[in-house]
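Biologist: I am new to this structure and would like to go through it step by step. Please show it first.

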Amino acid sequence: MTDSVLVVGAGPVGLTMALELARYKVPVRLIEKATERAGTSRAIAIWPRTLELLDRAGATSELVEAGVRVTTAEINAGEKQIARIQFEGVESPHKFVLMLAQNETEAILQRHAEATGVRCELGVELRRVTQDDKAVAATIAYPDGRVQTESFDWVVACDGAHSTVRHNLGMSFDGDLIDNDWGLGDFYLTGAPFGPDVLANYFHKDGPIIYFPLAPNRYRIIASLGPSKGDRPVPPTAEEFQTLVTTRGPASIKLGEPVWISAFRINERQVQNYRDGRIFLAGDAAHVHSPAGGQGMNTGMQDAFNLAWKLALAARGMAAPTLLESYSPERHAVGAEVIAAAGKLTKMALISNPVLQDIRNHVAHLILGLPPVKHALVGQMTEISVGYPHSSLNGPYANASPKPGTRMPPIDGETAYGLGDTPLFTLCANEPPPFNHPLVSSAMRPATAANDIALVRPDGYLAMSARSGDWDSVRAYLDRF
Ligand SMILES: Cc1cc2nc3c(=O)[nH]c(=O)nc-3n(C[C@H](O)[C@H](O)[C@H](O)COP(=O)(O)OP(=O)(O)OC[C@H]3O[C@@H](n4cnc5c(N)ncnc54)[C@H](O)[C@@H]3O)c2cc1C
């Protein structure tokens, strides 16, 4: 068999994409232009929904072993606590947000990808892509100086915010640069008044400062530095970081040696279409936004989970390529929501007028104390409430809840949906169907309380539901593919 899919870029999204495709027995190549892996921590939060989906490839336990479990997020202003949000009640086997440096996440994903037979080709750069309706021609530069054009059935661009593929396709990356500089530092520290399982956010009149635990006494600190100055944001020195900590709180914290200091500005941008013919965009190549909420890497990895099963079915000739048409609308809607939510959170944290700051703190305290608001916020942060309510893949439904497009939580004691080396739908029903279908797993699950028959997509979202015995509806749904 030829290599049918080229994955460009071996960041967390490209690694997830290659791992999922290889797990589904799709011949795949993974190329990365860097000659060695970046050693910096960058994205540090892995949310429960991502852990659920990575579990199917067997990567979650190793990630959880390596990381730090955070079960509480706090918002404080000086000594006053504005909100305390707990993840322990989340309806997922993973009731925490995992903190792990991105370089470690990438190393673990790479090991798992290699174990499924994908080699990460370092120092190999995609220069150019062109396509017709049969194949994509990719011009690739190798470390020994060779530059050659090779043919693939599909290309997935996971080549980051400055995507070569996106530029090549002439896609515009619409959005804005937010006029504010941020400092970022990983420090060993002492004197934290919060526990090692707490993500602590301090509002202050000069701007917010946030502490993310990374290891015993080691934290990622992010602080706003005020309106942008110059062409590039200037990273604060270790002494300037200590001043930020002492001023904004908690003053008891004493910073030790920095592990990494950097600075950034926030871009909020998204492509209109995540697909152009046989080429797909995923991760930062398709959307970038504020790191507030820590959703960037997770959203990108979930682009990969969404695309992998569809591409695997199309590449293996098990479903019509029209299935792939759902990828961009489904993931564009999620990306747009993440950009809007992260942008709002950032603007709220950056309010500089003292009167408005008091109002914000008061209102946030009231609203975030309401259980339904907390529940909705936890669903959004952990990404378990992310779904595809308007997807063209949604079939009919028998009951008002859950509706097609809703995530189906792994049932206690049962493994996740979409296991195995072929992406199959799962039937939840109390009697076997009167037919076998190549897209349906032979392993059934009991009917859920709300539905007599539920059909669940390989990525764990409800496809359709029907009244008991209405197998014709199920069959008609599957025959669309
Ligand atoms: C300082 C910082 C802190 C962050 N914090 C968070 C956080 O807390 N939570 C969060 O969710 N996100 C965070 N992010 C964002 C997160 O790092 C990105 O969303 C994530 O890395 C995106 O993954 P990706 O695989 O799409 O792209 P990238 O990680 O950028 O990977 C793209 C890869 O493609 C390679 N590449 C590019 N062009 C080519 C080419 N032509 N040929 C071959 N290879 C190519 C690049 O070398 C790179 O390795 C942070 C980012 C930064 C910089």
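Biologist: Leaving aside its neighbours within four places in sequence, which residues is Trp 471 in contact with?

Modeller: This is a predicted model, in which local features need pLDDT of at least 70, side-chain atom pairs count only at pLDDT 80 or more, and totals for chains, interfaces and linings use all residues. Residues are numbered from 1 along each chain as its sequence is written, and side-chain values use heavy atoms, with hydrogens and water left out. Contact means heavy atoms within 4.5 Å. With neighbours within four places in sequence set aside, Trp 471 is in contact with Leu 427, Ala 429, Glu 431, Pro 432, Pro 433, Pro 434, Phe 435 and Ile 453.

Biologist: Is Trp 471 buried or exposed?

Modeller: Trp 471 is placed in helix α11, residues 471-479. Helices (H or I, at least four residues) and strands (E, at least two) are DSSP runs, numbered from the N terminus. Buried means under 20% relative accessible area, exposed over 50%, and partly exposed in between, with a 1.4 Å probe and protein chains only. The relative accessible area of Trp 471 is 7%, so the residue is buried.

Biologist: How many Å apart in space are Trp 471 and Ile 453, C-alpha to C-alpha?

Modeller: Ile 453 is one of the residues in contact with Trp 471. In sequence the two are 18 residues apart. From C-alpha to C-alpha, the separation of Trp 471 and Ile 453 is 8.5 Å.

Biologist: Which residues is Ser 465 in contact with, beyond its neighbours within four places in sequence?

Modeller: Ser 465 lies in strand β23, residues 462-466. Its relative accessibility is 3%, so Ser 465 counts as buried. Ser 465 and Pro 402 are 63 residues apart in sequence, with 9.0 Å between their C-alpha atoms. Leaving aside neighbours within four places, the contacts of Ser 465 are Pro 396, Tyr 397, Ala 398, Asn 399, Asn 451, Ile 453 and Ala 454.

Biologist: What domains does the domain assignment give, and how many Å apart do the C-alpha centres of domain 2 and domain 3 lie?

Modeller: Domain bounds come from an automatic or database domain assignment. That assignment gives domain 1 (5-44 + 101-173 + 271-347), domain 2 (175-268) and domain 3 (390-481). Between the C-alpha centres of domain 2 and domain 3 the distance is 45 Å.

Biologist: How many helices and strands does the protein have, and what is its radius of gyration?

Modeller: The protein has eleven helices and 23 strands. Its radius of gyration is close to the 23 Å that the globule rule gives for 481 residues, so the protein is as compact as a globular protein of that length. The radius is taken over C-alpha atoms, and the rule is 2.2 Å times the number of residues to the power 0.38. For this protein the radius of gyration is 23 Å.

Biologist: Where is Pro 250 found, and what kind of peptide bond joins Gly 249 and Pro 250?

Modeller: Pro 250 is found in the loop between α6 (238-248) and β17 (254-270). Omega for the bond between Gly 249 and Pro 250 is about -10 degrees. The peptide bond is cis.

Biologist: What is phi of Glu 383?

Modeller: Glu 383 is in the loop between α10 (371-382) and β21 (426-429). With a relative accessible area of 3%, Glu 383 is buried. Phi of Glu 383 is positive in a residue other than glycine, near 70 degrees.

Biologist: Which residues does Pro 196 touch, not counting residues up to four places away in sequence?

Modeller: Pro 196 sits in the loop between β13 (174-190) and β14 (198-203). Its relative accessibility is 59%, so Pro 196 counts as exposed. Pro 196 and Thr 71 are 125 residues apart in sequence and 9.6 Å apart from C-alpha to C-alpha. Not counting residues up to four places away, Pro 196 touches Val 68, Pro 213 and Tyr 219.

Biologist: Is Asp 303 buried or exposed?

Modeller: Asp 303 lies in helix α7, residues 296-315. Beyond neighbours within four places, Asp 303 is in contact with Tyr 274, Ala 282, Gly 283, His 287, Tyr 327 and Arg 331. Its relative accessibility is 0%, so Asp 303 counts as buried.
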